[in-house]
Amino acid sequence: MKPSALNRRAGSGSLLGRVWPGAAAVVLFIGFAFPVYWMFSTAFKANKDIVADTPVWFPTSPTFEHFTRAMEADGFWTFVGNSLTVTAIAVGLSLVIALLASFAVARMRFRGRKGFILVMMMAQMAPWEVMVIAYYMIVRDADMLNSLAPLAAIYTVMVLPFTVLTLRGYVAAVPKELEESAMVDGCTRVQAFIRVIFPLLAPGVMATSLFGFITVWNEFPMVLILNKDAGAQTLPLWITSFRTTFGDDWGATMAASSLFAVPILVLFVILQRKAVGGLTSGAVKG
């Protein structure tokens, strides 16, 4: 084969190699993004556009009527407060506990260290749905049904294994010499951790915070079983009750779903760069 033909074949192969990953990424992006776009666009459409025989791709006359009706629904702000409360408590507690545990696992050598890591991995892999009955019996026997406190405690346990494993890798990536230098300069181990190591863990903390927030914010089965009282329920249950109350009012239903999704989207946009860095660093170290 002539050199020119070889060059053309090599050039076409390299061009194909550059194009197909981008094309696949575009297809995947459209597949994942379109349902989200349709939810938000339907929330802004007038009723006539929602029930039109042919799909209306863009709101012709945007309206906030559906959002108003959703936010004026009974118990909306109660559900918002409950979700924010349990999410903040669960994420905050898991971070505090995981920071201490990950530092101990990454920096110290003690009996049972490998077993502890193995238990964390097994807990991360186990489906939490199988624990619903056990949690229900414990909370019932403690007479704490229809309360936010046990819900926040359970959510803390749910996100803790991932948080510990991720932060462990990130702590291991910080050179020990930085900590030792701070201790030589007069810092205690705790002061060295707070002043030297903790500021370097920002990407890992962002990644685990984002994961914990999404997990707790979207969790449905546990609150459905433990909290039958509407005053102690969270936003995922509000979505189901909202759909039942308003029937086929798709505009209000999509507006309610959009309101539920907005906090996650905003948090992801703010933390995405830090989160990706934290996940990759925590995955290869330790």
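A salt bridge is taken here as a side-chain nitrogen of Lys or Arg within 4 Å of a carboxyl oxygen of Asp or Glu. The model is predicted, so local features need pLDDT of at least 70 and side-chain atom pairs count only at pLDDT 80 or more, while totals for chains, interfaces and linings use all residues. Residues are numbered from 1 along each chain as its sequence is written, and side-chain values use heavy atoms, with hydrogens and water left out.

A search of the whole structure gives three salt bridges. In general terms, side chains of opposite charge can pair when their charged atoms come close. Lys 48 pairs with Asp 49, with 3.4 Å between the closest N and O atoms. Relative accessible area is read with a 1.4 Å probe over protein chains only: buried means under 20%, exposed over 50%, and partly exposed in between. On that scale Lys 48 counts as exposed because its relative accessibility is 55%, whereas Asp 49, at 8%, counts as buried. Arg 140 and Asp 141 form another bridge, their closest N and O atoms being 3.3 Å apart; Arg 140 is partly exposed at 40%, and Asp 141 is exposed at 59%.

The side chains of Glu 65 and Arg 69 also meet in a salt bridge, at 3.3 Å from N to O. Helices (H or I, at least four residues) are DSSP runs numbered from the N terminus. Because Glu 65 and Arg 69 are four residues apart in helix H3 (residues 65–71), about one helical turn separates them. Both ends of this pair are partly exposed, with a relative accessible area of 41% for Glu 65 and 22% for Arg 69.

Helix H6 (residues 132–141) has Val 132, Tyr 135 and Val 139 as buried residues. Seen down the axis of H6, these fall within an arc of 65°, so they line one face of the helix; the arc is that of the directions from the helix axis to the C-beta atoms. The buried residues of H6 pack against H7 and helix H11 (221–226), with contact meaning heavy atoms within 4.5 Å. On the face turned away from the buried side, H6 carries the exposed residues Ile 133, Ile 138 and Asp 141. Just after H6, Asp 143 adopts a positive phi of about 55°.

Turning to the interior, a nonpolar core is a set of buried Ala, Val, Leu, Ile, Met, Phe, Trp, Tyr and Cys residues joined through side-chain atoms within 4.5 Å. The largest such core has 21 residues, of which Leu 99, Val 164, Phe 193, Ile 197, Leu 201 and Val 205 touch the most other members. At least two residues of this core come from each of H4, helix H5 (113–125), helix H7 (148–173) and helix H9 (189–200), and H4 gives the most, with eight. Apart from this core lies another, of 20 residues, among them Phe 67, Leu 235, Trp 238 and Ala 256.

Beyond its neighbours within four places in sequence, Val 164 is in contact with Ala 98, Ala 101, Ser 102, Phe 116 and Met 120. Ser 94 lies in helix H4 (residues 76–107) and counts as buried at 3% relative accessibility. Not counting residues up to four places away in sequence, Ser 94 touches Thr 156, Val 159, Leu 160 and Thr 163.
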